[in-house]
Amino acid sequence: MRLTLYTDFSLRILIYLGAKKRDELSTIQDISNAYQISKNHLMKVSHELGKAGYIETVRGRKGGIRLALEPGDINIGEVVRRMEDDFYLVECFNPSGGSCPISPVCGLKGVLGRALQAYLQVLDEYTLQDLLVNKDDLRAILQQQNEVTLPQTEDVLPPGYEWHSIPAVHGTGEEPQV
């Protein structure tokens, strides 16, 4: 099972903000510098996190973003479901069908469906608070990274990753179809 970069970046933003003091504001540039990832991508992701109610934006010269909820109220499984564009592990998971000729009699769909549910069930057992048990270490590393700001290539993704945009019907919170 592999998460998209969109979800990966969503979780990184939440971890970054969770490692900060509750009322401390951060900028997208701060987060971009800390993780050495595209500011443009982070802006799209943070916008969706704001629409979902996970973060809030403070406008103005000294503005920024911060968590809108307590870390213990942010369920990791819920975040992953909301940020992933689909859970089509194989072609036959897509409701519009596919071209696999054995799809009507194949047992793989059921096996992978159970694996996906188990994967999501494990994620449901954790909140952002659980990921912040080493908050002081996280804060120190992220601050150190922020001070080192390396040059970034804005829209280059690591090998094997694809970027996705959130579709209009995305984020309904519905269980994946398996």
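## Basis of the model

Because the model is predicted, local features need pLDDT of at least 70 and side-chain atom pairs count only at pLDDT 80 or more, while totals for chains, interfaces and linings use all residues. Residues are numbered from 1 along each chain as its sequence is written, and side-chain values use heavy atoms, with hydrogens and water left out.

## Packing of H1 and H4

Two packed helices are described by the angle between their axes and the distance between the axes. Helix H1 covers residues 5–19 and helix H4 covers residues 76–83, where a helix is a DSSP run of H or I with at least four residues, numbered from the N terminus. The two pack at an angle of about 140 degrees with their axes 9 Å apart, the axes being lines fitted to C-alpha atoms over the stretch in contact and the angle running from 0 to 180 degrees between N-to-C directions. H1 and H4 are therefore oblique to each other, since angles under 35 degrees count as roughly parallel, over 145 as roughly antiparallel, 65 to 115 as roughly perpendicular and the rest as oblique.

In the contact (heavy atoms within 4.5 Å), Tyr 6, Thr 7, Ser 10, Leu 11 and Leu 14 of H1 meet Ile 76, Val 79, Val 80 and Met 83 of H4. Sorted by class, this contact has seven nonpolar, two polar and no charged residues; Ala, Val, Leu, Ile, Met, Phe, Trp, Tyr, Cys and Pro count as nonpolar, Asp, Glu, Lys and Arg as charged, and the others, Gly among them, as polar.

## Salt bridges within helices

Side chains of opposite charge can pair when their charged atoms come close. A salt bridge is a side-chain nitrogen of Lys or Arg within 4 Å of a carboxyl oxygen of Asp or Glu, and by this rule the count comes to seven. One of them joins Asp 8 and Arg 12, at 3.1 Å from N to O, and these residues are four apart in helix H1, which means a separation of about one helical turn.

Another joins Glu 48 and Lys 51, with the closest N and O atoms 3.5 Å apart; these two are three residues apart in helix H3 (residues 39–51), again about one helical turn. Relative accessible area describes their surroundings (buried is under 20%, exposed over 50%, partly exposed in between, with a 1.4 Å probe and protein chains only). Glu 48 counts as buried at 5%, whereas Lys 51 is exposed at 56%.
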